[in-house]
Amino acid sequence: MDKLIFVDYQKCVGCATCEMVCSLVHEDICSPALSRIRVVRYPTEASNVPITCAFCESPPCVSVCPSGAITKNADSGDVLINPVLCIGCRQCVQACPFGHANFNFARGTAFKCDLCGGSPQCVEFCWTEALQYVPLERALGEKREAVGRNILQSS
Amino acid sequence: MRVLIIGNGAAGNQAAACIRKHSSECEIVMFARESFPEYSACALPDVLAGWIPLDKTFLKTSLDYEQLQIKTCFGQEVNNVDINKQCLEAGDKKYYYDRLIMATGSQPIIPKIDGSQLNGNFVVKTPQDIERIIDHKPTRAVIVGAGNIGVETASALRNRGCIVYLIEMQDRIMPLLYDKKPADIIQTMLEQEDIRVFTGERVTGVAGEQQVERLLTDQQEIECDTVIWAAGVRQNVELARKAGLKIGGLGGIEVNKYMQCSEPGVFACGDCVQSPHVYTGKPSLSLLWSSAKRQADVAAANCMGKLDEYEGNCSVVIEEIMGIPCVAIGLNLHGLAGYETEVIEHESEDLYYRLLAVDDRVAGFQCVGSLEGTGSIFTMIKKGTPLSEARKLLHNKGSISTMAWYMDSSRYIFGEY
Amino acid sequence: MKRIVVNTEACDGCGICQLVCSAYKAGQWHPAFARIKIKQLQEFGLNVPVVCMHCTYPPCEIFCVMNLIYKDPDTAYTLRNVERCIGCRACEIACPFSAAVWDPLNEVVVNCDLCGGTPECVNHCPTGALIFMDISEAADKKRREAAGLRILEASRGFSE
Ligand SMILES: Cc1cc2nc3c(=O)[nH]c(=O)nc-3n(C[C@H](O)[C@H](O)[C@H](O)COP(=O)(O)OP(=O)(O)OC[C@H]3O[C@@H](n4cnc5c(N)ncnc54)[C@H](O)[C@@H]3O)c2cc1C
Ligand code: SF4
Ligand code: SF4
Ligand code: SF4
Ligand code: SF4
């Protein structure tokens, strides 16, 4: 897994563009409830946190799925649901520690982030740059740089 | 669109129902040799035993076919399929199709040996077979072949009060399902029911004037008035062979994971196909109700242009003998020949089980005495969960609280009771 | 679409759900007749209520040799024409969750029917471990909110 969706929640304004785009791309409808990425809003704290799949190294959703429909690709690190094998028991929904894996009742199958096959559309359309699809090292590098600048300035 | 289905068994009917689910317009025509509606062969031994009435084995009435808008051509043998013209011949009529589903199933084998055509030779496959056996009023019956059908039929006839013999050529009963030890335990249970079991004997002939009077094996002669052949089935693939479809090495129609045959527009499912085993990936015959239905779902979906994949065969056979459940899931040592197999075994007064693992994956499971937790083991086999991962999860409170289903398997995978 | 959602951590294993279910569904007062089962894990002090998930494509339906399990077209519950059951127990093994349970009284296999929409086990659960709720509102939403909060709190600790 060289690249991942890196979330800078401080930049997120909670506009829900990512949710609209995601549901439009995957389900042909603008509906946050059917979006893979979900923005959780904390009005009292004036913060918004977009939650998406963490692509865990040992994903609970993969372990818990009784039909082998969710698999982790050892090479790319992607965690994907094969809707054809999904029996719709919603175990992954209960198991995901982030509440990311979700269930589509109309289709009767579970869904989760598939990185749009390599070019995440939520990132593409996020206008505040709260979402970035970058190699881990680069995302951390930027963060480190900002922290370093902080230290420099205050000293 | 017009779909023709050959076969009115588990596979044919499931395919029809599934097509109806996908489309209410599609024209469905179903052909079958017999002239009665769908029945469940699995319930026939129960009828023979007298536990349930014969009419309970019928799953549909002619009204049900009407409701599903399935046109039926029952009592009609399909003689020919022309794949280039996309048409089949039944009776003296031709029927054209857009898609064809072959669900021609299988037939029990009666070997061509002396006396096997005498009055008193039977198989168990259709409700008529059962009626015929009951009308015959058997008192001393020999069942040839101790597979699951043979064993069920033996217990059923014993329950009718017959004197029952069970003959098996291999060294143990249900040789494709169980290993020697559990098979011996089950054999003892059958013998306690007063079924006389002989293993390692080959049947050489049947003797009698017009009636069956004796059965001859290479070791003895058994006096009897009834012989029931349960020594294997043959896939009904003559039609497919004539049509030019590829037949595999095991005698079943070759299909890919979409249940598509070697020619476009033709799908096959049920007892008549051979498909990869879920564990080994090698071609295998399943001959089970559940596989027939699942394959039919896949065939029907792909036939309607929807994507579905068959995950592979995995056998599950349950037997209840004197109220004690016995279950065999996946492969036994015979099926795993050539693999380095680890055996986790447990034996106590009322429970015996063995778990076969290859390369950290559960490949087979046999248990006598309990069905508890077997669902979870079956799931692990189908899914290919590594044993080490299951053990790790079972040691972790956080994961087990959300992954309850692993819990059930714990006593088996730790090898403790 | 409402389903029973289980909060394992809240269950104290009192077994009331089992008794209630057996009373309503089998006219008995014994856990053996319940459609919901409490599995106990003593080493963790954990009690896990196990009940039918009402799968969209139920393995039990595929395995039934009498074709008597069906999905209700309106509610999408997994239901059975149990009077046709011959008790072969194939569906019991097909169910990954052991939620298809043997009814020793009638010698058939049964599963939860959500009491037709008013689950009595949920109504009587004293700890709130069983919740009957809309799936899209369910576990995932709560967990999503909690996860977001974790992130917020952790990062706030850092910048202060
Ligand atoms: C006694 C018994 C007990 C069993 N118990 C179990 C059990 O407990 N569990 C389990 O999983 N399985 C069990 N089985 C196996 C199970 O019944 C079969 O796997 C299942 O019935 C296969 O269904 P099918 O539709 O593939 O084939 P079949 O039921 O064999 O149907 C074949 C259909 O094709 C038609 N046909 C064939 N050729 C032609 C032609 N040329 N023209 C027109 N029509 C044609 C036939 O008329 C028939 O309608 C048992 C079987 C038997 C006999
Ligand atoms: S769906 Fe959830 S559990 Fe699965 S990989 Fe993503 S974050 Fe992890
Ligand atoms: S009984 Fe088991 S397999 Fe059937 S619907 Fe319920 S949870 Fe799914
Ligand atoms: S909903 Fe009803 S049937 Fe289902 S477990 Fe609860 S009480 Fe039993
Ligand atoms: S009633 Fe509630 S707390 Fe009691 S055992 Fe059932 S689920 Fe657990």
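A polar contact is a pair of N or O atoms within 3.5 Å; within protein, one must be able to donate a hydrogen and the other to accept it, and residues adjacent in sequence count only if both atoms are side-chain atoms. The model is predicted: local features need pLDDT of at least 70, side-chain atom pairs count only at pLDDT 80 or more, and totals for chains, interfaces and linings use all residues. Residues are numbered from 1 along each chain as its sequence is written, chains are lettered from A and ligands numbered from 1 in the order written, and side-chain values use heavy atoms, without hydrogens and water.

Reader: How many residue pairs are in polar contact between chain A and chain B?
Author: Salt bridges (a side-chain nitrogen of Lys or Arg within 4 Å of a carboxyl oxygen of Asp or Glu) between chain A and chain B number zero. Polar contacts do occur, with both residues at pLDDT 80 or more, and the count of pairs is six.

Reader: Which element gives the largest share of the side of chain A that touches chain B?
Author: Helices here are DSSP runs of H or I, at least four residues, and strands are runs of E, at least two, numbered from the N terminus. Two helices of chain A give two or more residues each: H2 (60-64) and H3 (91-95). The largest share, four residues, comes from H2(A).
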